[in-house]
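Have a go at each one with the structure open before you read the solution.

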Amino acid sequence: TPTPTPDEADAGADEPTTAPATQREEVEPDVVTMVLISDNHCNTGMGRVFGEVVRLAQAELVLNLGDTTMGGSSPEALCVDALASELTDVPVVVADGNHDSLITGDQERGHGWTVLDGGVVEVEGLRIVGDRDPRLTSVTLGKEEFLTKAEAATKLTDAACADFDPTDPTSRVDILAIHDPYVGNRVMPSGCIVLELSGHLHRRVGPFQQGLGVYFGMSSSGGATAGNLTLGALPATATIGVLQYDRANQRPTALREIRIAKDQSVTLMPWEAFPQMPSESVSADLSPAASN
């Protein structure tokens with residue numbers, strides 16, 4: 001993952017925006033459990049691990065935050081197949097990354113996955129907005145920029161805010177799923193979305209307040225690190241997230257990580273709470289220091 005440029009680091013620093021004044025009335029919670037994966041980079045052996053986590057967590061949804069493949073070439077269908085063959089009893093929603101191609105998206109659709117393409121979808125009672133990464137960075141297919149980060153963020157903001165009423169907090173979209181957080185941090189000041197989830201950085205970031213919502217950035221679920229391939233034995237710790245979200249009151253309630261070390265030992269981390277929704281826009285720190 002490239003080091004963020006200064007303009008990326010400041011990308012969310014728009015003029016402060018005030019959250020909707022009307023607060024929703026608390027109702028009986030309706031909690032959905034979802035499994036989060038990201039940046040698997042064709043670690044085919046992790047497929048059965050993801051499937052077992054889904055089963056043990058009794059998850060209703062898998063949210064894949066991108067970079068399922070290494071370059072998105074046609075033969076890399078095996079990278080998608082290895083996961084899809086284990087995730088057969090739960091819906092999968094994916095926001096493709098900069099190492100996934102349009103070919104990858106077609107392969108994922110072939111398995112019945114919901115591939116986000118800039119609009120809002122409803123899955124398991126959640127309204128999710130997202131898109132593929134606005135660029136392709138592939139050793140096999142080359143590099144291509146479909147949109148700038150700013151253009152990609154505008155597209156997502158327009159989609160998320162299309163039905164948003166500032167006087168009605170229930171009109172917010174539940175989740176923004178986007179591979180690159182430097183796209184997402186341009187969207188969250190809109191106030192139209194509750195929770196942003198992203199990957200790309202190969203390190204955990206958050207959870208903390210971002211824009212007028214909250215944010216969590218996933219580490220690699222395939223053990224990906226800079227300069228190391230994820231084929232074969234784990235080159236580094238792999239991380240899977242389990243997230244609980246209250247659909248009725250539109251807020252994330254708890255998060256825990258499952259960490260698989262290079263020696264295949266497993267650590268189940270404790271449940272963590274999310275911060276409260278901010279009343280004014282927050283420009284969060286996505287730098288490596290924030291991961292510590």
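**Salt bridges in a predicted model**

A search of the whole structure, which is a predicted model, turns up 11 salt bridges. The exercises below pick out some of them.

**Exercise 1.** Work out which parts of the chain the salt bridge between Lys155 and Asp131 ties together.

*Solution.* Start with the contact: the side chains of Lys155 and Asp131 meet at 2.9 Å, N to O.

**Exercise 2.** Decide for Lys155 and for Asp131 whether the residue is buried or partly exposed.

*Solution.* Take the cut-off first: buried means under 20% relative accessible area. Lys155 has 35% and is partly exposed. Asp131, at 8%, counts as buried.

**Exercise 3.** Find the salt-bridge partner of Asp133, then classify Asp133 as buried or exposed.

*Solution.* The partner is Arg135, and the closest N and O atoms are 3.7 Å apart. As for accessibility, Asp133 has a relative accessible area of 1% and is buried.

**Exercise 4.** Starting from the salt bridge between Glu257 and Arg259, find which residues join into one network.

*Solution.* Glu257 is buried at 2% relative accessible area, while Arg259 is partly exposed at 30%. Now follow the shared partners: salt bridges join Arg204, Glu257, Arg259 and Glu272 into one network.

Key:
Residues are numbered from 1 along each chain as its sequence is written. This is a predicted model: local features need pLDDT of at least 70, side-chain atom pairs count only at pLDDT 80 or more; totals for chains, interfaces and linings use all residues. Side-chain values use heavy atoms; hydrogens and water are left out. A salt bridge is a side-chain nitrogen of Lys or Arg within 4 Å of a carboxyl oxygen of Asp or Glu. Buried means under 20% relative accessible area, exposed over 50%, partly exposed in between (1.4 Å probe, protein chains only).
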